[in-house]
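Please walk through this two-chain model with the sequence and the 3D view side by side.

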Amino acid sequence: MSTLTSPDFKDNARAALADKQLQRALSEVAPGLAARRSAARAALPEFEALREAGRDIKDHTLAHLDIYLDEFERKAAAAGSIVHFAPTAEDARRIVRDICRDAKARLVTKGKSMISEEIGLNAALEGDGLEVVETDLGEYLIQIRGETPSHIIAPAIHLTQDQVEADFRRLHTKLPPDRQLIEPSQLVAEARQILRAKFLAADVGITGANFLIAETGSSVIVTNEGNGDLTQSLPKVHIVLASIEKMVPTLEDAGTLIRLLARSATGQEISTYTTFSTGPRRAGDPDGPEACHIVILDNGRAELLASEFREVLRCIRCGACMNHCPVYTAIGGHAYGWVYPGPIGAVLTPALIGVRNAGHLPNASTFCGRCEQVCPMKIPLPGLMRHWREAEFSAGDAPLLYRLGLAAWAAAARRPRLYHTLARIVMPVLATLGRRRGRFRRLPLAGGWTRHRDLPAPQGRTFQALWADHHAGVPR
Amino acid sequence: MSRATDGRDAVIHKIRAALGTYDSAARRSTVASRLGAPPPPLVPERAKQASERLRGLFRHYLEGQSATVIEAASAAEVPTAIARFLRGANLPLRVRVGEDAYLAALAWGAEPSLERRKGAAVGDDEVGLSHATAAVAETGTLVLASGADNPVTLNYLPETHIVVVEDKDLVGGYEGAWDKLRVRFGRRAMPRTVNFVSGPSRTADIGGQLVMGAHGPRRLCVILVRG
């Protein structure tokens, strides 16, 4: 499994805020994606109606998920695919390892798959002695550095061009040392050359799936590079990794989600390549894989269907919530400490690895609500984060000081008279103390607040007192 | 019971338990009717225009996505259009092509120096030539169906991809493409791959700068044949 550092979220965030290079990358990429999304939305008057249609498709599918999976399996098998169900990450790893072993594979190419990160597939395959090569350029850049993705659609946004050049010179040692690597196009051309050889030599190609279509037993991948297509078309075995919630009923339903996906993710009208794969090569086909395996992973998702977090299963992994999140855009994806960063990670990660490990994530939110506003599947992300905060509190996992503070607040807030009395006593004191600057740089017990910003000083009287005067006609 | 069946039953059982439901005839029939006759989806207005407008829309989006679009007045002009494009791009007059009957029947005699190699693409092919099943105007998207007639590797291995699409196969929205696929392959059936292609391969993963030809073609040339 991808190394888990979510429990260290606070330290991660502090380090990220101090990382100048990361801050520069974040300040450019995420707002750029957000602006392009906004333009794409403006260019399609039906966009908001499509969001509602998308939500309804997923809600319907989730309510009948057992039957759609059954239909999908039947149609996929009829087309010659072998469908495997994996209740856990370990099951999925075992299934893929077995397929690779049976294929006597030595080299495995991979298209982008978040589930592969979730189940820690690369380490498992490498443990079996296989060479595993990520072919999405961003994924390749972080793989050669031994890092993990920092964004679900732009996994290497934290890297600069200079870092990439240094890595290429360090690793691609068979190329002339005096070659020019100044322009991004030169770096891309070099990666193309290196990876093309891998595509042609691979024994097994592994891709993710953006959608599974029950009508036809097809899996769908969406890319701009075409790497997923070379991954799945050239080796003799194609393995699709998908999770249960990728299901949609029909081609029409997939079309609706395709209309939402690229616009929400990158602001493109559509991604360059959308590929529907159905089984292995057919009789008479001169190319395509000889075998096609589809691994359908649960790994804790079925339980979510029964919980208040069911709506998170509508997610189509566009990344819009990240690009619009003040917390994500300040600290980047690595600080979240596991596979899924940003608002979607703050909801999904506690569900998949436990709130005890990931309790900081739903707490790292300003509740500004932009994630919910832009989510193409209308997932109420802030509301779901609030559920996690409640769950963490009920489980007794919140820090003692936090619990005591909240209990004291609740005690006062539930007793209006006590509250008003306290406010009448405290407010003039604070107003007097803060009179000179009009704000506090430091306050006892509120260091977490005042370390990064000042607390405005109260102006002397409570709102209730002002309101009472207003009603009594007293001029201000 | 095999391990595979174990996993399947465990997942399905968990889902049913979580949904608080079971495998009822009523739920099966809801699913069957949706799969058999999908409810009409929300189709953007831009996809519902007259065919003359759709041609402009198709061209507008594809060119915006860095493809070259050439309109040929008739099928007879296609070989010459291909040769002219290849010469203009300083490419050899040699294309890799499948067994597509429409492409095979074109007037190749007009361009005797244009060599056609048959079959799936191999590593050093420079140009692939395909015949699209449909063209979708709403986003400037080609729909290619794999098979011996149009091998899938033609779409991704060569650095240049030329795609011929007939005006009669130009549709407004994706729904038109589903209809064409269903007519050709049957309901609830698909070829090994259906490729939606909306421009040349690209990446912005290095320095945030858009570069063409990440892994697939650097150039996409679409020839739209009228008449």
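What follows goes from each chain to its details, and then to the contact between the chains.

Keep in mind that this is a predicted model. Start with chain A. Chain A has 476 residues, and 51% of them count as buried. Its secondary structure comprises 24 helices and 12 strands. Along the principal axes, the C-alpha atoms of chain A fill a box of roughly 90 × 60 × 45 Å.

How is chain A divided into domains? The assignment gives domain 1 at 44-302, domain 2 at 307-394 and domain 3 at 400-471. The centres of domain 1 and domain 3 of chain A, taken over C-alpha atoms, are 52 Å apart. Now look at contacts along the sequence. Take the contacts in chain A between residues at least 6 apart: 74% of them join residues at least 24 apart.

Turn to chain B. It has 227 residues, of which 47% count as buried. Six helices and 12 strands make up its secondary structure. The C-alpha trace of chain B spans about 65 × 45 × 40 Å along its principal axes. For contacts in chain B with a separation of 6 or more, 74% come from residues 24 or more positions apart.

Next, go to helix α1 of chain A, residues 9-18. Which of its residues are buried? They are A:Phe9, A:Ala13 and A:Ala16. These three cover an arc of only 65° around the axis, so they sit on the same side of α1(A). On the other side of α1(A), A:Asp11 and A:Ala18 are exposed. What do the buried residues of α1(A) pack against? Their partners are three elements of chain A: α2 (20-42), α15 (328-331) and α18 (360-363).

Strand pairing comes next. In chain A, strand β2 (residues 107-110) pairs with strand β3 (residues 131-134). The two run parallel, with four bridges between them. Within this pair, A:Val108 has A:Val132 in β3(A) as its bridge partner. β2(A) is also joined to strand β4 (residues 204-207) of chain A. That pairing is parallel too, over three bridges. Here A:Lys110 stands opposite A:Ile206 in β4(A).

The largest nonpolar core has 186 residues. Those with the most contacts inside it are A:Val295, A:Ile296, A:Val312, A:Val347 and B:Val222.

Strand β9 of chain A (residues 273-277) is joined to strand β9 of chain B (residues 193-197) by five bridges. Do these strands run parallel or antiparallel, and which residues face each other? They run antiparallel. A:Thr274 stands opposite B:Phe196 in β9(B).

How values were computed: Residues are numbered from 1 along each chain as its sequence is written. Chains are lettered from A and ligands numbered from 1 in the order in which they are written. This is a predicted model: local features need pLDDT of at least 70, side-chain atom pairs count only at pLDDT 80 or more; totals for chains, interfaces and linings use all residues. Two strands pair if DSSP finds at least two bridges between them. Domain bounds come from an automatic or database domain assignment. A residue is buried if 20 or more other C-beta atoms lie within 10 Å of its own, exposed if 12 or fewer, and partly exposed in between; C-beta atoms are placed from the backbone. Two residues are in contact if their C-beta atoms, placed from the backbone, lie within 7 Å. The arc is that of the directions from the helix axis to the C-beta atoms. A nonpolar core is a set of buried Ala, Val, Leu, Ile, Met, Phe, Trp, Tyr and Cys residues joined through C-beta atoms within 7 Å.
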